[in-house]
Amino acid sequence: MTRVLRLDLRLVGLPLVRPFRTSMGVSTRKECVLVRVETDEAEGWGECVADLEPDYSAEWNGSAWDAITTFLGPALLAEGDASSASVERVFSPWRGNRMAKATLVDAVLDAELRARGESLTSVLGGDKDAVVCGVSVGITDTTDTLREQVDAYLAEGYRRVKLKIEPGIDVERVAAIRADHPGILLSVDANAAYSLADEDVFRALDDLGLLMIEQPLHHEDLVDHAKLQTRISTDLCLDESIRSAADARAAIELGSCRIVNIKQGRVGGMLEARAIHDVCVTAGVPVWCGGMLETGIGRATNLALASMPGFTLPNDTSASSRYFPEDLTDPFVLEPDGTMRVPDGPGIGVTPDPARLEAATLRRETLEL
Ligand code: SMG
Ligand code: MG
């Protein structure tokens with residue numbers, strides 16, 4: 001029996017080292033909700049992957065804050081046995097709000113594992129102590145700027161480059177990078193910016209030897225993705241369209257993708273992420289861990305996820321220095337071989353630096369029993 005005694009919410013803000021432009025717009029800073037849960041046994045941390053605006057998903061920082069303070073947090077405090085075994089049931093009366101739910105699921109799981117002295121990676125059955133890292137490169141003003149950024153990331157050791165694309169800034173750019181680096185693992189991510197009418201773009205991309213094309217079509221679509229997958233040979237990967245293990249099953253059965261990007265924060269937390277992993281492994285579909293520009297808290301959680309056996313492709317788990325002048329935790333670094341070590345301390349294995357956390361805090365609220 002574990003009781004949750006207290007939830008400390010913070011909205012934190014950090015500058016990004018450089019603007020990150022995608023087909024959805026430009027991010028110049030990171031803001032996210034962090035929750036510290038205190039149980040009668042330990043503390044645990046969870047980071048929400050919602051952003052400043054509801055663009056990547058319908059959730060945003062304001063909705064996540066409200067969902068946690070109005071519904072999810074009070075329900076957790078009222079629950080006699082708030083453990084990873086019960087938390088999904090506690091949240092089941094409310095639909096959606098998966099990013100908000102993930103924050104608390106992950107925090108409760110972290111506290112539970114810290115109390116038991118077990119690491120998240122060991123409990124998930126992780127089979128690697130370091131994971132292979134890729135980097136996601138935003139849309140730039142010019143092809144030369146993109147070239148410079150890609151060259152610098154490759155020099156750091158990243159083992160896969162993912163280029164953000166949008167209609168009009170796609171084939172030519174990607175072809176230029178492919179010409180510069182014929183042998184690298186290269187992929188693209190459209191964040192749902194295209195439709196089936198753009199078949200010419202996909203046919204041209206199909207000739208560039210890409211590892212995958214990520215979320216080319218509408219975020220709620222599975223059927224058109226299945227049609228597109230029959231028309232090109234490059235593997236499609238779904239990100240936004242996969243919100244649950246049920247979505248993953250549907251996408252795989254329909255043939256909408258051959259690869260799945262798992263973001264635990266998008267799907268309601270680590271338990272649902274594990275369920276998606278299991279669906280994909282059973283179906284022989286490779287998975288990898290996506291990123292939401294997380295601080296060190298979310299990064300540690302993601303690294304544990306990416307240590308699971310089905311994660312066989314490079315992950316969007318880049319170094320702290322790729323995102324922030326200064327992270328909230330000790331910085332995560334890229335090893336010279338392009339891997340990152342999976343924390344193996346109790347729980348997610350990291351906590352925020354108190355002074356840096358304080359300096360980054362924009363808003364706070366405490367919920368107590
Ligand atoms: O965390 O390295 C990261 C960012 C990876 O490209 C990335 N994320 O669609 O996969 C994606 C995007 C979502 C965030 S865009 C603000
Ligand atoms: Mg994506």
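Predicted model: local features only at pLDDT ≥ 70, side-chain atom pairs only at ≥ 80, totals over all residues.
Local features need pLDDT of at least 70 and side-chain atom pairs count only at pLDDT 80 or more, while totals for chains, interfaces and linings use all residues. Residues are numbered from 1 along each chain as its sequence is written, chains are lettered from A and ligands numbered from 1 in the order in which they are written, and side-chain values use heavy atoms, with hydrogens and water left out.

The protein chain is assigned domain 1 (4-117 + 352-368) and domain 2 (121-341), with bounds from an automatic or database domain assignment. Their C-alpha centres lie 23 Å apart, and the contact (heavy atoms within 4.5 Å) takes 36 residues from domain 1 and 47 residues from domain 2.

Turning to polar contacts (pairs of N or O atoms within 3.5 Å), oxygen atoms of ligand 1 meet a polar side-chain atom of Ser136 at 2.7 Å, a polar side-chain atom of Asp189 at 3.0 Å and a polar backbone atom of Leu293 at 2.8 Å. The protein covers 97% of the 440 Å² of accessible area (Shrake-Rupley method, 1.4 Å probe) that ligand 1 has on its own.

Definitions and conventions. Polar contact = N/O pair within 3.5 Å; in protein donor to acceptor, adjacent residues only side chain to side chain.
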